[in-house]
Every structure is written in structure tokens, then in C-alpha cells.
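Let's walk through this structure together, one region at a time. Keep the sequence and the 3D view side by side as you read.

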Amino acid sequence: NIVKLETLAGTANALTENMCYLTNAKVRGTLKTSLKDAGSGNFLWPENNLLNGYRTVVSNQVPSNLTKGSSSVASALIFGNFADLIIAMWGGLDLQVNPYSLDTKGAVRVTAFQDVDINLRHPESFAAMLDALTP
């Protein structure tokens, strides 16, 4: 399945030197304890963090509670050129100070709001697996 993600991007002529994997700590843990084959002693997640030869980033912002069949312990694994991910911020950071809502506790409430939009410049630069089973 990991190689299939690279194949999907390659078939779309989207492979560049910037490609990398993005996943969560549960997938990393599963791959660090999964042997490539019974006799090699090599695990799917190498010590150099190059999964399938590509740089790999781990963030727990990547979901680990997805559903596969009756199981809700599936995780996402994304392969792509993240230079093609556009993150646009609209306006400035809005801060509102409210000295009244927590006044009986001697505290001040500060609320922050930021408008952000995310889009893909080239959707074919990305492939995702949304059903990696993790304990």
C-alpha cells in the first residue's frame, strides 16, 4: 500500500524530488514493529526515517480514528509534494480581550481568531491511504 501511493503519483506524472510521506505516531509505531519479511530482520520503518526512500514527517494532526469496516482504529498516510499545498491566511490575527467573563476568578479571557484556507495547486501531486490499521 505504501508503494501504491508513490505509484499513483507517478502515474499522474507528479513525482518530484520534494515528495514525502505524512502520517501519525500510530502508523510509525506499527511500521517500526512490522518486519519486511520473516527472515530479514528489517522493519518497514527504517532508522533513517526514509520510508520507501522518501522523507517522512510524523504529526498527530493526521487522523488516527478513521473507520475501516467495523474497526475505528484506522489512520491516514499521505504521500505528496507539499510544495503544492497552498495555505492562505486572510486578514490578520484577531484578538479579543474580555476582562469580565472570568472576573470572579481574577482572570482575563483572550480569544483569538484567524481565517485560513487550504487548497491543492495540483491534486495529482497527492495520494492518500485512509485505512491503515493501527492498534
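Helices (H or I, at least four residues) and strands (E, at least two) are DSSP runs, numbered from the N terminus. Before going on, bear in mind that this is a predicted model, where local features need pLDDT of at least 70 and side-chain atom pairs count only at pLDDT 80 or more, while totals for chains, interfaces and linings use all residues. Residues are numbered from 1 along each chain as its sequence is written, and side-chain values use heavy atoms, leaving out hydrogens and water.

So which residues of H1 are buried? They are Ile2, Leu5 and Ala9. Looking down the axis of H1, you'd find these buried residues within an arc of 60 degrees, so they line one face of the helix; the arc is that of the directions from the helix axis to the C-beta atoms. Just after H1, Asn13 takes a positive phi of about 55 degrees.

Next, the inside. The largest nonpolar core has 15 residues, and those touching the most other members are Ile2, Leu5, Tyr21, Leu31, Leu51, Leu77 and Phe79. Such a core is a set of buried Ala, Val, Leu, Ile, Met, Phe, Trp, Tyr and Cys residues joined through side-chain atoms within 4.5 Å. At least two residues of this core come from each of helix H1 (2-11), helix H2 (25-32), strand E5 (71-80) and strand E8 (126-133). Take Tyr21: apart from neighbours within four places in sequence, its contacts (heavy atoms within 4.5 Å) include Ile2, Leu5, Leu51, Leu77 and Phe79.

Strand E5 also holds Ala74, which counts as buried at 0% relative accessibility. Again leaving aside neighbours within four places in sequence, Ala74 is in contact with Pro63, Leu66, Leu130 and Leu133, among others.

Now for a charged pair. The structure holds 1 salt bridge, a term for a side-chain nitrogen of Lys or Arg within 4 Å of a carboxyl oxygen of Asp or Glu. Asp84 and Arg121 form it through their side chains (3.9 Å, N to O). The two sit 37 residues apart, with Asp84 in the loop between E5 and E6 and Arg121 in the loop between strand E7 (109-120) and E8, so the pair links distant parts of the chain. Asp84 counts as buried at 9% relative accessibility, whereas Arg121, at 48%, counts as partly exposed.

Leu93, Leu95, Val97, Val108 and Val110 make a nonpolar surface patch of about 500 Å². Patches are made of residues with over 30% relative accessible area and no salt bridge, with like charges joined within 9 Å and nonpolar side chains (Val, Leu, Ile, Met, Phe, Trp, Tyr) within 5 Å. Strand E6 (residues 85-98) gives the most to this patch, with 3 residues. Leu95 is found in E6 and counts as exposed at 58% relative accessibility.

Methods:
Accessible areas come from the Shrake-Rupley method with a 1.4 Å probe; for residues, only the protein chains shown count as cover. Buried means under 20% relative accessible area, exposed over 50%, partly exposed in between (1.4 Å probe, protein chains only).
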